[in-house]
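Morning, everyone. Have a look at it first.

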Amino acid sequence: MEIGIKGHEECIVTKELTAARIGSGALEVFATPMMLAFMEMAALRSVQPYLDEGCGTVGTHLDVSHEAATPLGMRVRFESELIGIDGRKLIFRVEAYDECGRIGSGTHERFIISNDRFMKKTEAKLAAKQ
């Protein structure tokens, strides 16, 4: 894996992706949590082919601004670029664009994990809770 790996995703803003529908606002515009999810998806999918079998990545930090509203029916494009590697930590620049220009930008961090080990540790919380 090396710096510069790029990813992209796209969506059309539907009612299911609006702030009014998911509860993050009252208007039928593209929801910030959905923008963040698609940014994460672009980053996740961009590096997955470079990981060892049984490994994945988990998101740990987002520092993103949602700069402009996007109406129903408009296409949104998401871009990610791997800009830093620090051991298992991956740092991405992420951006979102609708048909009129940039609507969001920032950085996103993910950690490389062993899927099995991660799930065992997570599921151990249930046992510890009892």
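I'll take the strands, then the core, then the pocket. Keep in mind that this is a predicted model.

Strands first. Start with S5, residues 101–114. S2, residues 55–66, runs antiparallel to S5, and eleven bridges join the two. Within that pairing, Cys55 stands opposite Ser114. S4, residues 89–98, is also antiparallel to S5, with ten bridges. Here Phe92 has His108 as its bridge partner. S4 and S5 make a hairpin, and two residues sit between them.

Now the core. Nonpolar side chains in soluble globular proteins tend to be buried together. The largest nonpolar core here has 24 residues. Which members touch the most others? Phe30, Val76 and Phe78. H2 has the largest share, with six.

Stay with Phe30 for a moment. Beyond four places in sequence, its contacts include Val76 and Phe78. Met35 and Phe38 are also among them, as are His66 and Ile103.

How much space lies in the largest one? About 200 Å³. S5 and helix H3 (115–129) are the elements that give two or more residues to the lining. H3 supplies five, the largest share. The lining residues include Ile112, Ile113 and Ser114, along with Arg117, Phe118 and Lys121. By class, that lining is three nonpolar, two polar and four charged. Note Ser114: it lines this pocket, and it stands opposite Cys55 in the strand pairing.

That's the tour. Over to you.

Note on methods
Residues numbered from 1 in each chain as written. Predicted model: local features only at pLDDT ≥ 70, side-chain atom pairs only at ≥ 80, totals over all residues. Heavy atoms only, no water. Pairing = 2+ DSSP bridges. Helix = DSSP H or I, 4+ residues; strand = E, 2+ residues; numbered from the N terminus. Core = buried A, V, L, I, M, F, W, Y, C linked by side-chain atoms within 4.5 Å. Buried < 20%, exposed > 50% of the residue type's maximum accessible area, 1.4 Å probe, protein only. Contact = heavy atoms within 4.5 Å. 1 Å grid on protein atoms, 1.4 Å probe; cavity = no way out; pocket = protein on both sides within 12 Å on 5 of 7 lines; lining within 4 Å. Points joined across faces, edges and corners; volume = space filled by probe spheres on them. Nonpolar A, V, L, I, M, F, W, Y, C, P; charged D, E, K, R; others polar.
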